[in-house]
Protein chains: 2
Amino acid sequence: MESLPSSVPARHPSVLDPYVDRYAARTAGMTASEIRALFAVASRPEVVSLAGGMPNISGLPLDVVGGAIADLVATQGPVAMQYGSGQGVPELREQICEVMRLEGIRASSDDVVVTVGSQQAVDLVTRVFCDPGDVVVCEAPSYVGALGVFKSYQCEVVHAEMDADGLVPQALRNAIRATKAAGKTIKFLYTIPNFHNPAGVTLSVERRHEIVEICAEEGILILEDNPYGLLGFDRDPLPAMRSLSSDNIIYLGSFSKTFAPGFRVGWALAPHSVREKLVLAQESATLCPPQFSQMAISSYLAVHDWQGQIKQFREMYRERRDAMIGALSDMMPASVRWNVPDGGFYVWLTLPPGVNAKAMLPRAVTARVAYVPGTAFFADGFGSSAMRLSYCYPTPERIREGVRRLAGVVEAELELLDTFGDTRELRLGAGLDNPGTDVR
Amino acid sequence: MESLPSSVPARHPSVLDPYVDRYAARTAGMTASEIRALFAVASRPEVVSLAGGMPNISGLPLDVVGGAIADLVATQGPVAMQYGSGQGVPELREQICEVMRLEGIRASSDDVVVTVGSQQAVDLVTRVFCDPGDVVVCEAPSYVGALGVFKSYQCEVVHAEMDADGLVPQALRNAIRATKAAGKTIKFLYTIPNFHNPAGVTLSVERRHEIVEICAEEGILILEDNPYGLLGFDRDPLPAMRSLSSDNIIYLGSFSKTFAPGFRVGWALAPHSVREKLVLAQESATLCPPQFSQMAISSYLAVHDWQGQIKQFREMYRERRDAMIGALSDMMPASVRWNVPDGGFYVWLTLPPGVNAKAMLPRAVTARVAYVPGTAFFADGFGSSAMRLSYCYPTPERIREGVRRLAGVVEAELELLDTFGDTRELRLGAGLDNPGTDVR
């Protein structure tokens with residue numbers, strides 16, 4: 001998903017805000033990151049942004065999309081422009097079931113709730129399940145936009161470790177045990193099994209079974225967030241966790257990466273009683289999700305070879321992944337580590353000890369390259385030596401140029417480190433790396 | 001706004017729901033009404049629905065809308081289908097300022113936040129301001145969808161009386177005094193000054209000044225919800241309260257009634273520091289409002305005589321208002337009372353003592369006419385002898401036929417009452433009229 005929107009400059013709560021004493025307690029968890037201002041700078045065209053999660057939709061056939069929508073207005077305009085059901089357009093919900101079948105899910109469209117992007121699905125699920133103080137278990141690292149939601153509902157996030165095969169089952173068991181021992185209530189596990197944002201890894205099939213079993217035994221819901229599942233480079237999609245069990249799992253999907261994000265159409269597939277609660281929450285939040293968007297996507301799916309389009313997207317993203325991995329191999333100092341994702345948008349890169357990715361960011365932006373510091377993806381201040389690099393949006397040439405600039409910045413850091421030792425304290429100042437200040 | 005969506009049948013919390021012990025406390029305030037099931041029946045074509053708040057958009061020029069959108073896809077498709085700013089499309093926010101100028105508001109587009117319909121604006125404002133137990137002062141009656149939001153955030157609603165000139169200033173003063181005396185915190189006044197939903201009345205200009213002053217003195221925000229302000233039948237729009245003061249007022253607007261609801265585009269105009277909080281809340285809720293919808297509306301406003309279109313809408317709704325008032329005058333028993341709205345969608349009708357509008361509803365639906373019982377618009381169980389009648393959607397002929405059927409049902413009730421006395425207890429059964437069970 002997109003993250004770190006840059007429309008609002010970073011501000012610290014101002015003593016001049018006349019409403020400061022009137023806000024709800026939850027607003028303490030709704031803070032602008034101090035790196036936002038930097039991202040406003042990073043959006044200048046001369047900066048190569050390896051930061052954003054914007055899909056590259058330049059390959060979409062505008063004539064097909066435009067034709068489908070013009071036809072929609074002409075033949076069904078008064079319905080498409082009217083209020084609709086809080087649950088979403090029935091025909092689209094049927095098509096969503098066809099999409100999910102590609103990952104082995106057999107579901108009734110009656111259990112699908114359409115949302116304003118899958119971001120809103122995370123929001124509504126949290127609204128329905130979480131009281132302040134409830135715990136959500138997340139991978140370490142986890143999606144910045146979901147962490148922001150959990151924080152805004154005053155949840156506590158407990159991270160569980162990942163490795164190259166995704167979430168480590170024993171780490172999940174340990175997190176559950178420790179949380180329960182502390183007398184806290186876990187409401188759900190939030191997990192991104194495929195081409196993880198930001199870690200780039202994919203949960204193995206064996207572990208999918210194991211994690212579904214662990215959560216069933218422990219009575220913990222799984223929130224399976226799967227925006228990237230159809231964007232694998234080398235093989236057919238793995239079975240969704242929701243295909244292994246229909247109980248205890250809420251599955252989230254999205255058209256943002258397989259078609260286009262500007263329509264803001266995602267969905268939740270939920271057990272029946274939960275689905276009813278989500279529809280009530282959706283009606284309270286928006287009355288109904290955008291009817292026009294839903295019918296536009298439904299028309300596109302009906303008239304276009306959308307699976308062929310996804311294949312083109314996969315090839316385009318693979319080329320960019322290859323460009324980034326090739327450039328990293330060619331140019332990065334030997335002490336820098338990264339993974340090679342099999343799909344999706346992201347590479348997770350770890351700097352050598354002593355180099356702080358957030359402290360380095362202003363220098364990177366000065367060198368005209370941007371990334372997201374690793375701390376953004378943790379609720380607890382970890383990740384300072386890591387960063388997320390996105391290869392989804394820039395061209396392969398720009399990606400190589402961005403990595404070249406970044407490698408230069410890292411080299412300069414390493415030279416400085418070599419000369420003066422660990423200078424983090426000197427450069428950072430106290431408190432800048434406070435946990436939780438940059439989850440957005 | 002639309003209300004009482006009928007996609008989900010009424011259900012009482014089932015002991016079979018395996019998740020029942022895991023939901024957040026706030027879900028207690030997110031309940032389906034027992035009248036929903038009835039509305040599923042009422043949506044059959046043979047029933048004249050005077051219940052819904054759907055605008056009649058059959059007059060929109062589909063060729064103009066389709067052309068504007070086709071052009072948008074062709075010339076700006078990759079931008080319109082991409083993620084956008086959490087605050088909304090800048091050009092649309094400028095146009096929104098032009099729309100608000102028609103009601104005397106001078107504002108910067110920098111203080112506008114685009115929302116997924118103005119329903120979402122109510123949700124986000126409540127999210128930013130209200131802790132559980134906080135009080136929202138609402139008119140008596142008030143918009144059912146807003147009451148649902150306040151309940152879902154565990155707010156307490158305190159109603160203040162209206163008369164033919166809208167909210168009564170002294171009633172507001174009394175409500176504030178009593179609430180403060182009870183040691184409770186009022187976060188805002190929620191008010192619909194123009195062509196009130198459901199009461200149909202309009203706040204006089206004198207009272208606008210007075211209410212703005214009262215709230216400024218008491219340090220209470222005003223949430224001015226204004227979806228119908230441009231739909232007056234007989235005169236130019238009255239000045240918005242926001243035009244009288246830029247402090248302490250959050251103004252909500254919508255394109256749902258002046259253009260079309262299916263795009264789900266509304267907005268909030270807020271003091272600067274509140275605007276920043278709303279943008280953060282929007283990003284957490286949806287990342288960004290639908291970009292395609294926003295640019296589609298922006299294109300429509302740019303190429304079409306949208307003010308002329310609103311004039312057509314006003315004439316169409318006036319004709320329907322006249323049809324309803326004429327039919328009521330011709331056919332209703334003399335003991336029934338109603339107001340004559342100057343704009344908007346709704347007539348508020350009061351039955352004679354002893355006739356309960358909710359208890360009567362099943363008989364009305366059997367007679368193939370539907371309305372919304374008055375209790376839906378109160379958080380405290382009042383309104384049992386009242387109902388909301390909508391004239392916005394059906395044709396004048398259907399409106400007359402609907403009123404004819406309704407008059408027959410009321411007459412039968414009155415005969416029964418005349419024969420057997422007040423039979424409410426007999427017919428209602430215990431508990432059916434519980435406060436708060438049908439705010440949706």
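A crossing of two helices is left-handed if the near helix is turned anticlockwise from the far one by less than a right angle, and right-handed if clockwise. Helices (H or I, at least four residues) and strands (E, at least two) are DSSP runs, numbered from the N terminus.

This is a predicted model, in which local features need pLDDT of at least 70 and side-chain atom pairs count only at pLDDT 80 or more, while totals for chains, interfaces and linings use all residues. Residues are numbered from 1 along each chain as its sequence is written, chains are lettered from A and ligands numbered from 1 in the order in which they are written, and side-chain values use heavy atoms, with hydrogens and water left out.

**Stop 1: α3 and α10 of chain B**

Select residues 90–101 and 291–303 of chain B, which are helices α3 and α10. Their axes are 9 Å apart and the packing angle is about 50 degrees; axes are lines fitted to C-alpha atoms, for helices over the stretch in contact, and angles run from 0 to 180 degrees between N-to-C directions. α3(B) is therefore oblique to α10(B). Angles under 35 degrees count as roughly parallel, over 145 as roughly antiparallel, 65 to 115 as roughly perpendicular and the rest as oblique. The crossing of α3(B) and α10(B) is left-handed.

Now show the side chains. From α3(B), B:Glu91, B:Leu92 and B:Gln95 touch B:Gln294, B:Ile297, B:Ser298, B:Leu301 and B:Ala302 of α10(B), where contact means heavy atoms within 4.5 Å. By class, this contact of α3(B) with α10(B) has four nonpolar, three polar and one charged residues. Here Ala, Val, Leu, Ile, Met, Phe, Trp, Tyr, Cys and Pro count as nonpolar, Asp, Glu, Lys and Arg as charged, and the others, Gly among them, as polar.

**Stop 2: α3 and α10 of chain A**

Move to residues 90–101 and 291–303 of chain A, where the axes of α3 and α10 come within 9 Å and cross at roughly 50 degrees. α3(A) and α10(A) are therefore oblique to each other, and their crossing is left-handed. A:Leu92 is one of the α3(A) residues in this contact, and A:Ile297 and A:Leu301 are among those of α10(A).

**Stop 3: α11 and α13 of chain B**

Return to chain B and select residues 306–331 (α11) and 396–420 (α13), whose axes come within 9 Å and cross at roughly 30 degrees. α11(B) is therefore roughly parallel to α13(B), and the crossing is right-handed. Among the residues that meet are B:Glu319, B:Arg320 and B:Met324 of α11(B), with B:Ile399, B:Arg400 and B:Glu411 of α13(B). The contact of α11(B) with α13(B) has nine nonpolar, one polar and six charged residues.

**Stop 4**

Most residues other than glycine have a negative phi, and most peptide bonds are trans.

Next, find the cis peptide bond joining B:Asn197 and B:Pro198, with omega about 15 degrees. B:Pro198 belongs to the loop between β6 (186–191) and α7 (205–218) of chain B. In chain A, the bond from A:Asn197 to A:Pro198 is cis, with omega near 15 degrees.

**Stop 5: where the chains meet**

Display both chains. The contact takes 92 residues from chain A and 92 residues from chain B. The area buried between them is about 7,300 Å², of which carbon and sulfur atoms give 61%; buried area is the accessible area (1.4 Å probe) that two parts lose on being put together, summed over both. A:Arg22, A:Met81 and A:Tyr83 supply 11% of the area that chain A buries against chain B, more than any other three residues.
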